[in-house]
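Here is a quick briefing to read with the model open beside you. Have a look first, then work through the points below.

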Amino acid sequence: MRKKAAWLLVPLTALFVLGGLNIYRKIGWKEPTDGVVWESKAGGLTAVKVDPNGPAYIYAGIKKGDVLFSINNNRISNEIELVKNLWEAANSGQMVAYQINRQGEIFFPSLTLIQKGVSLYYFYLALIGLTTLIIGLIVFFNSAKPYAVPNIFFYFLSIILYSFYIFSPTGELDLLDSVFFWLDKVSFLAFPPLLLHYFLIFPQRKKFLKDRPTAIYLFYAPAVLLLLAKVLLHLPYLSGLDNNLILRAYGTLEKADLFHFALFTFITLATISDSYFRHSSFLVRKQLKWIVYGLGAGVIPFTLLYVIPFLVGSAPTQVAELTVLLQAFIPISFAYSISRYKLMDIEVILKKAATLIVSYFVLALLYLAVGTQIRFFSENKLKPLLLWILAIVLGATLFTPIKKLFQSLFDRVFYKRSYQYRKTLLSISKELSRERNLENLSKSMLELTANALSLRNIALLLPVENEPRAFSIFSSRGEFAALPGRLAISPELFEDLTTNNSLSLYSLSEKRELQEKFEDLRTLGFEHILALKVEDKMTGCLAMGKKTDATFLTREDWELLTTISSPLALALENATLYNQAGLRAQELERLKDYSENIIESLPVGVAVLDQKGRVIGWNRVLEEAFAKKKEDILGETLLRILGPENFAAVYPPDTQQDFHLMSEIRLDLPSGDKRIFDIAKTPLLDNRLNPYGTVIVFEDITDKINLQQQLVTSEKLASIGLLSAGVAHEINTPLTGISSYVQILQKKITDVHFARILEKIETQTDRVSRIIKNLLSFARNPSDLAFHRVNLKENLQEIISLIDYKLKTMNIRLELVLAPVKPIWAQGERLQQVFINIILNAIDAMPQGGTLRIELAEIGIDAVIRISDTGHGIKEQHLPHIFDPFFTTKGVGKGTGLGLSISYAIVKEHEGRLSVESEVGKGTSFIIVIPEDLDDRKLGQAKAEKTKS
């Protein structure tokens, strides 16, 4: 960082020292002059401008258009010879004899040269240059990123402006004077392309530069060529050339310099205007607007009144020379707009400076216009006195009204629409005191104040009761990121606010510790706070951010705020008192709505009873469950609403007075369903903890109970599967040995009695083998068995053919309703086991005969098998356990209790469902649902697992 600063400050220091030397030499420089501006033309060296106060006019009567032939008998043909002869005459102290040709008439006037000091215009421009340099340094070193490209460019632009404003050769023609000359020429040529370059990359790089970044250097080519041409004219080998030729070439280059300056400046103005209309940021647009204003005010009058007449060969008038006054706008507007660092009152300073500059300019024009009309006493000594009196009269009578006129015009330019707001805000603030609605008052107050002062953010803070340093943010307007509901101000800041009635960052410039505490407010977007007081009571505060152009409030803004603070505070006090009662009523209503919304939003049913047992609260869950609207049952007793049976379940004989929780209470709903509830009853207490009613909470847990039962069944099946696998493998080995030994004995024993015994042993061995096989099938992973296409209709018909004889012997009538169903992906043998188990259970349930109905249908993408009987049915208490392993109601020796549990597991393996419907004395129905798209499901699962792996 220090190395970068050194690279920038070393050349700046050198230029600053050279600038001081240039000013010093200019102060002491006296140039001999006759008061005539001579210019080489076709007829010779012609007077193009004559100073009426100069010796040539007063003593020699030389007029505009006269041609100079000689001085002291020395032939004069160009400006170089003129200057040499004037210097020789001045050094000798002699009078100068001219030979003048006036429209063919030759005469020989004599005059004494005068010593002319440097024009005041130079010192004015030097002041502008120094101001530019100081502003550039302030902006550069106060920027957050001083070495960013825009800030570096502005730094160099400030140096270039400083250089061509302050460097000017004196005419002494020594080495130092040559340095001044070339610094002036280089800076004047470098400024236009550098300015254009800057605005081709600011505020954002132009598109054509992004595609062709090297094209920017072409803009510097004209300046380089003009500089090289000037260097060539000053080379020693040109000393032998004709002076007239050199002067004409030099004059042409001077015109080219001015044309180059004007052309590039107007191209820059067009570029800035294009960026202004294209950019979306308000701040950047305002920055560009001020650059256009300042650059246009400094360059356009100079170009129209000075450059163009000079290019066409006319001598600049006094009015044209006065345009240098307007060039002060260039550095001021640049500093204000380009930099993100804004001084507190820079906009006010700029406005006042513009007012004074334009007023002085107009007054000077009037002085020149009137002064040139004073023909009488033109050669009399009274003329300077008359002009002095004229200046006093114009300054005393016209300066004040002209200043007010331009101040009003600049106010309208600066504030635009807010100008009218500022003008009418005082009268409107009185009308605000009539507003009684606090919200409307705050909205109008913030709207008017923000528009009048062009504020980006503004908020109204109201004091919190019983907390002297706390405020609530009642209303806000603007682009706040996030505002808290409550704001606490530190004791030190609050004391300063109470004492001075205002807070702002720059008002705390000498209080470092308060500045650090003020940072908490700045993070919220508040830069200024104005206290609104009625007598000594603070009724609120206006917390304000920066203006829309990111500047702080000015002294004029604070004067306006101070003026309107008293009526605003009084209006705020009146509205606050008027709205307190309404706010409290609204708060009570909101609390009531809030409580009701909570009850209505609960996923459980809530009933509220008064002390007499009448319903005073009934939420939407109970409305849906019991099909009774709240408005229909309010005031009714719970006994009448629920019915005797449900009421007895809710209020059993052992009901306690205080909190009471009852689990798994079955209630009959109007829809015919039986649902299971957890019911909690608790007293309803007032603020003094006295009961004045009862709150009953109904939580429907039916689905949770069903899921728990399914989970228990699944866990039991998993456990029996593990047990079955272990038992089957342990029994299978000795069973194989027994079977082998029986077969060997059957071949060797011929005794009929023992042969029958061996046959029975073999039969029982086969039975045990089948049981073991079933156990292994029950424990085996479904993927271990083969899946194939199964025709359920044929599968069922095959089973029926096996039991047909048994059905006839037991007097059981068979009803078949088998609809065609497309083949499904399944384990056919395993499904047959399910069907056989359920059919055999149905036959066992009808020992006296009955009807067995088997249905097959296709519902959606499922195949549904329904097996019904007209047997004795299953008791209600047994229904939750029929799929549990080893659970049976057939008695000892008549069943293992594994049939339905194995069937349940097989159906689950097929991703299906097995459910039962039964009523004691009427029969039982088992419903088996098997998906038809099991193969697609398994294929999708396999792809998903492959993708994960």
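Which residue does Asp668 stand opposite in S19? Asp668 faces Lys674 there. Bear in mind that this is a predicted model.

**The whole chain**
- The protein chain contains 29 helices and 27 strands.
- Of its 949 residues, 42% count as buried.
- Take contacts between residues at least 6 apart in sequence: 63% of them join residues at least 24 apart.

**The S18–S19 hairpin**
- Back to the opening pair: S18 covers residues 660–668 and S19 covers residues 674–685, and the two strands pair in the antiparallel sense over seven bridges.
- Five residues sit between the strands of this hairpin, and Gly672 takes a positive phi near 100°.

**S6 and its partners**
- Strand S6 (residues 96–102) runs antiparallel to strand S4 (residues 67–71), and four bridges join them. Leu68 has Ile100 in S6 as its bridge partner.
- S6 also pairs with strand S7 (residues 105–107), again in the antiparallel sense, over three bridges.
- S6 and S7 make a hairpin with two residues between them, and Gln103 in the turn has a positive phi of about 55°.
- Strand S8 (residues 110–111) is another antiparallel partner of S6, with two bridges. Look for Val96 opposite Leu111 in S8.

**Helix H9 and Ser275**
- Ser275 lies in helix H9, which spans residues 243–278.
- Is Ser275 buried or exposed? Ser275 counts as buried because its relative accessibility is 4%, and the cut-off for buried is under 20%.
- What is Ser275 in contact with, once neighbours within four places in sequence are left aside? The list is Phe199, Phe202, Pro203, Lys206 and Leu288.

**Helix H10 and a nonpolar patch**
- Phe266, Ile300, Leu304, Leu305, Ile308 and Val312 form a nonpolar patch on the surface, and together they have about 500 Å² of accessible area.
- Helix H10 (residues 282–311) gives the patch its largest share, four residues.
- Ile308, one of the patch residues, is in H10. With a relative accessible area of 38%, Ile308 is partly exposed, because that class lies between the buried limit of 20% and the exposed limit of 50%.

- In H17 (residues 491–500), the buried residues are Leu493, Phe494, Asp496 and Leu497.
- Why do they end up on the same side of H17? They cover an arc of only 160° around the axis, so they share one side of the helix.
- The general rule behind such patterns is that an α-helix has 3.6 residues a turn, so residues three or four places apart point the same way.
- Turn to the face of H17 away from its buried side and you find the exposed residues Glu495 and Thr499.
- Asn501 follows H17, with a positive phi near 65°.

Methods:
Residues are numbered from 1 along each chain as its sequence is written. This is a predicted model: local features need pLDDT of at least 70, side-chain atom pairs count only at pLDDT 80 or more; totals for chains, interfaces and linings use all residues. Side-chain values use heavy atoms; hydrogens and water are left out. Two strands pair if DSSP finds at least two bridges between them. Buried means under 20% relative accessible area, exposed over 50%, partly exposed in between (1.4 Å probe, protein chains only). Contact means heavy atoms within 4.5 Å. The arc is that of the directions from the helix axis to the C-beta atoms. Patches are made of residues with over 30% relative accessible area and no salt bridge: like charges are joined within 9 Å, nonpolar side chains (Val, Leu, Ile, Met, Phe, Trp, Tyr) within 5 Å. Accessible areas come from the Shrake-Rupley method with a 1.4 Å probe; for residues, only the protein chains shown count as cover. A salt bridge is a side-chain nitrogen of Lys or Arg within 4 Å of a carboxyl oxygen of Asp or Glu.
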